[in-house]
Amino acid sequence: MCCESKRRFLLLYATQKGQAKAIAEEIWQQAGAHGLEADMHCMSEMDKYNLETEKDPVVIVISTTGTGDPPDTARKFVKKIQDKTLPPDHFAHLQYGLLGLGDSEYMFFCNGGRTVDRRLQELGAQHFYDTGLADDCVGLELVVDPWIDGLWLALKETLQKEKEGMNSAVNAVSSSLSTALHAVHELNLSSEVQNLKLEDEGARRGADVLSQKLDDINLVAPARDTEPSLVHSVPPVSQSALNIPALPPEYIEVQFQDAQGENPHLSSLISEGTTFEVPVTKAVQLTREDAIKTALLLELDIADTAFEYQPGDAFCVICPNNVSEVEELLHILGLSEKGDDLVCVKVKQGTKKKGASRPQHIPERSTLKFILIWCLEIRAIPKKAFLRALVECTSDAGEKRRLQELCSRQGASDYTRFIRDSNVCLLDLLHAFPSCKPSLSLLIEHLPKLQARSYSVSSSNLYQPGRLCFVFNIVEFPAGPSRPVSRKGVCTGWLAELVAPLLHPSKNTLDTKGESSSTEKISIFPRPSNAFHLPADPSVPFIMVGPGTGISPFIGFLQHRQKLREQHPDWKFGETWLFFGCRHQDRDYLFKQLRCFLENGTLTHLKVCFSRDSSTEEVAPPKYVQDVLRLCAKEVARVLLKDRGYFYVCGDKKHMADDVSNAVVDILSMEMEADKLEAMKILAMLREAKRYLQDVWS
C-alpha cells in the first residue's frame, strides 16, 4: 500500500535484460526523498494496475529488443493498446512521461518506447513531461540521469494542479525542464547526447544522490601519472566532491546447506518457450588457420524434435560461463571449497527494496557453481549501481575513492572510457581493485541473467531435412590496460571448445563427408523472424548483401530456392543477386561452393570482393560490398524500383550495414535523378513495406 501522506504516481517498466527495471527501481528509491510514492509494477502485471481508470501521473520506462520490438514483458500491453476499436479519447484522462531505452547502432532506435508513446498519444493521453530517449551506444546515463533529475519538478507541478482541481489536460512542463536540465530541453536525442555536460547541471537528486566530500576517507596523493586509467584518476575528477548514486538496498540472502540435491534442468531457466537438447553432428572450420578471424560451421540434428524453422529465422543457444573464470571468481571470493555445495537463495527479511523477490533466473536451491556457470552474466559490464555497492566491499581507501569516482556524475566520462568502452567485467574489476571482496548475495543482486546467444540459421529444412546449420566467428577480446588477459566470447568460445574433437581437416566446404558420431549436445530454442524471409512470391527478384559471416542466412535462402526449383520446374522464379565480401580470397572465402548455386541457376548473379588482397590491375577492384553495389547501380535500382524486388542485408551494423544503406541511397538518387532527401524517403518506404530488410549486429 502507498503511504497516504505521500503523493502517488504509477511507475511502469518493461524490460528485456533488466536495464529498464533497474532504472525504474532507481526512480522508486529516489521518490521518497521528494515526498512522492512510486507505485511500481512490471508492465506485464496488468492485473495490478489499470490505465483506463488511472487518475495519477504515470511514468513509463521501456526498452527495445530485437529489430525494434517492445520487450517481451510489454507484448500484452502493446497488443491491448493497439486494438483498433479503441476510441481516440480512450486515454484522454491520462498524463504520462516516458523514458525509452535503445541503441542507435540499430536501425529502429528506441522503437519500443516510440511505439507505446505514439499509440498513447493517438488515444488521447498527454505528456506531463517530455519523452526521453536514452542511447546505450554512448551511455544510457547521459540521458537517464538528467531525465530523472527533471522528473520530480514535473511530477510535483502535475500533482499540484490535480490537487487544485485542474484535472484537465496539461502541457509538458518545458520551463521546469529547462531549469532542471540546464539546456537539455529536448531529450529526443541519440548520439547528440554526448554533448551534455552533466557536471554543470544545477539539479540535485536530494537525499538519494549524495553530494559526498568523503570526510571519512583520506584522499590518496595524486600519482605521477598524468593520464587516467581504470585504477587512476587525474584532476579535476580526482579533486572533486562527488555526486554518487544512493546505495541500493540489499535484498538477497544466501544460505549454504549440507544437504545433497540435484541442479534444476536448463529449460527451467528459459522463459521464452520450449527448449530442445540436440546433438552436434558436424563441425567445419571455414577459414584458413592464418585468417584474422576463425569461422566455424556447426550442424545440429533436430530430426527427433518438434523444432521448426524457416530460412532467415534465428535461434538461441543456451551457453555457460567459462568454467576457468568461474573457478577464478570463486577463488577471489574465498569460496573455492564451496563450489559444489547447495545454496538456498531467499529474499532478505526486512529489506527496504520494494517488491523484492528472488530473481526468476536464480533457482531457489542449486549448487553455487550452477548459479555462477549457468545463471549469472559474469562478463556483464558493471552498472553504476553495482560499482556503488562494490564501494562498500572495498577496504583500501584509494581503491574505494576510485570506484566512487567511476560511479559518480563527475566520473561519467571515465566510466564510459575505462569500463563501458573497454568492455570491463567483474573479474577485471576484482583484479584491478584487489581489496574489493563482494558477497555472493551482492553478485546475485547486481549481475544480470546469463542470456542465451542468438544465431542466424544457415540452412533449409527443405534441403537438409532434420538438420540445422549455423555459422559464427570465434569472438576474441584481446588483453589491454583494463583487461589483464585475452578472452574468447562466452558462447563462441564455449562452442569452439565443445566441438574441437569434431573439427574436420577439410576446409571451405559445406558438404564435408565423414560425419562424426559425436554425443555432444547443446540446448536451443527458436527465435523466429517476423520478416527476414524469402519473398512469398517466388517470381519476385531479390538482392542479398552478406559479407563475412553475414552470408549465413543466405546459404539457407539459396538451398531453399534450389530445392523449390527442383520440385516445381513449372514455377517462375525471379532473379537472385548475392554480394559477398571478405578480407582474403584464399583465407576466409567462407563458401566457395556458391559457384554451384550459380552454375545450376539458383543464383543469377554473384559479386565478390576481397578487402585485404593486393591487386596488380591498373584499376584496383572494389574492396567492399557497398563499392560493388555502386558498380551495379542500374541493376540494383531496376530490381528495387521497376521489378519491386526485395533487398536483404546481414552482418555487422557498425562497419557495413550503414555503408550499404548509404550506397543504396546514392544509387536511388543517381538512377532516379532525384536529390538525396527524396532517395532517403524511397528507402524509408522500402523499409516500411518490408522490402528492405536487415539482420544486423553490433
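In strand β23, Val649 is the bridge partner of Val545. The model described here is a predicted one. Both strands are part of an open sheet of five strands, in which the pairing is parallel and the order is β22-β21-β20-β23-β24. At the edges stand β22 (605-610) and β24 (692-697); each has a single partner strand, so one side of each is left without a neighbour in the sheet. From one strand to the next, the twist averages 10°. Helix α18 (residues 653-672) lies across β20, β23 and β24, and its direction is at about 155° to that of β23.

A second open sheet contains three strands in the order β9-β13-β14, and here the pairing is antiparallel. The edge positions are held by β9 (252-257) and β14 (365-367), each with a single partner strand, so one side of each has no neighbour in the sheet. Neighbouring strands of this sheet are turned against each other by 35° on average, direction ignored. Six bridges connect β9 with strand β13 (residues 342-347) in the antiparallel sense, and Gln257 stands opposite Leu342 in β13. This sheet also has a helix across it: α7 (residues 368-375) lies across β9, β13 and β14 and runs at about 85° to β14.

Another pairing involves strand β3 (residues 58-62) and β4, which are parallel and share five bridges. Within it, Ile60 has Leu98 of β4 as its bridge partner. Strand β4 (residues 95-102) is mostly covered, with eight of its eight residues buried. Gln95, Gly97, Leu99 and Leu101 point one way from β4, whereas Tyr96, Leu98, Gly100 and Gly102 point the other way; residues of both groups are buried.

Helix α13 (residues 490-498) is largely enclosed by the rest of the structure, because eight of its nine residues are buried. Those buried residues are Val490, Cys491, Thr492, Gly493, Trp494, Leu495, Ala496 and Leu498. They pack against the strands β11 (295-301), β12 (314-318), β15 (453-456), β16 (467-473), β18 (487-488) and β19 (521-527).

Helix α8 is likewise mostly covered, with seven of its eight residues buried, namely Lys384, Phe386, Leu387, Arg388, Ala389, Leu390 and Val391. Two packed helices are described by the angle between their axes and the distance between the axes. For helix α8 (residues 384-391) and helix α9 (residues 397-407), the angle is about 160° and the axes are 9 Å apart. Angles over 145 degrees count as roughly antiparallel, and α8 and α9 are therefore roughly antiparallel to each other. Their crossing is left-handed. On the α8 side, the contact is made by Lys384, Leu387, Arg388, Leu390 and Val391; on the α9 side, by Lys400, Leu403, Gln404, Leu406 and Cys407. The residues of this contact comprise six nonpolar, one polar and three charged.

Of its 698 residues, 53% count as buried. Among the contacts in the chain with a separation of 6 or more, 79% are between residues 24 or more positions apart.

Key: Residues numbered from 1 in each chain as written. Predicted model: local features only at pLDDT ≥ 70, side-chain atom pairs only at ≥ 80, totals over all residues. Heavy atoms only, no water. Axes fitted to C-alpha atoms, helices over the stretch in contact; angles between N-to-C directions. Helix = DSSP H or I, 4+ residues; strand = E, 2+ residues; numbered from the N terminus. Parallel < 35°, antiparallel > 145°, perpendicular 65-115°, else oblique. Left-handed = near helix turned anticlockwise from the far one by under 90°. Contact = heavy atoms within 4.5 Å. Nonpolar A, V, L, I, M, F, W, Y, C, P; charged D, E, K, R; others polar. Buried < 20%, exposed > 50% of the residue type's maximum accessible area, 1.4 Å probe, protein only. Pairing = 2+ DSSP bridges.
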